[in-house]
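This report describes the fold of one protein and then looks at a single residue within it.

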Amino acid sequence: MLREFNLDQPTISRFRKELYSRLKELEDSEKTTTEDHRTVELDQATQGRLSRMDAMQVQAMALETKRRRELGILKIKSALKRIEEDEFGWCVSCGDEIALKRLELDPATPTCIECASKAS
Ligand SMILES: [Zn+2]
């Protein structure tokens, strides 16, 4: 079943490519950060340079980064799923078309501008 749509197949393929490369970036940076984190822990243990507060702050920041990255990965994966299901480009909240400009900025965005502004 085809709905009238502002996205043609070449545009959707372009977004899919973009989403895959963003996904790869996030997954790569996850590896890098895990290694960085290990280095920090090692320094602490051997040199005891960081105070407890600093260490807690570093850990909180690392957790926050990890959380945001995981959210980003989920967001991209569900956008890719919507592409597979021909639901891509439609707001998951109200079902309206998402403006092409908005998708250009973030192809993983699941909602239209109205719903996004209501949520925040
Ligand atoms: Zn909406």
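Predicted model: local features only at pLDDT ≥ 70, side-chain atom pairs only at ≥ 80, totals over all residues.

Residues are numbered from 1 along each chain as its sequence is written.

The protein has four helices and zero strands, in the order α-α-α-α along the sequence. Helices (H or I, at least four residues) and strands (E, at least two) are DSSP runs, numbered from the N terminus. Of the 120 residues, 9% are buried, that is, with 20 or more other C-beta atoms within 10 Å of their own, the C-beta atoms being placed from the backbone. Contacts are pairs of residues whose C-beta atoms, placed from the backbone, lie within 7 Å. Among contacts between residues at least 6 apart in sequence, 56% join residues at least 24 apart.

Helix H2 spans residues 52-84. Its expected span is 1.5 Å times one less than its number of residues.

| Helix H2 item | Value |
|---|---|
| Length | 33 residues |
| Span, first C-alpha to last | 48 Å |
| Expected span | 48 Å |

After H2 comes Asp-86, with a positive phi near 55°.

Trp-90 lies in the loop between H2 and helix H3 (100-105). Why is Trp-90 classed as partly exposed? Trp-90 has 19 other C-beta atoms within 10 Å, and the partly exposed class lies between exposed (12 or fewer) and buried (20 or more). Leaving aside residues up to four places away in sequence, Trp-90 touches Gly-95, Glu-97 and Ile-98. Thr-109 is 19 residues from Trp-90 in sequence, and their C-alpha atoms are 9.8 Å apart.

Notes
Contact = placed C-beta atoms within 7 Å.
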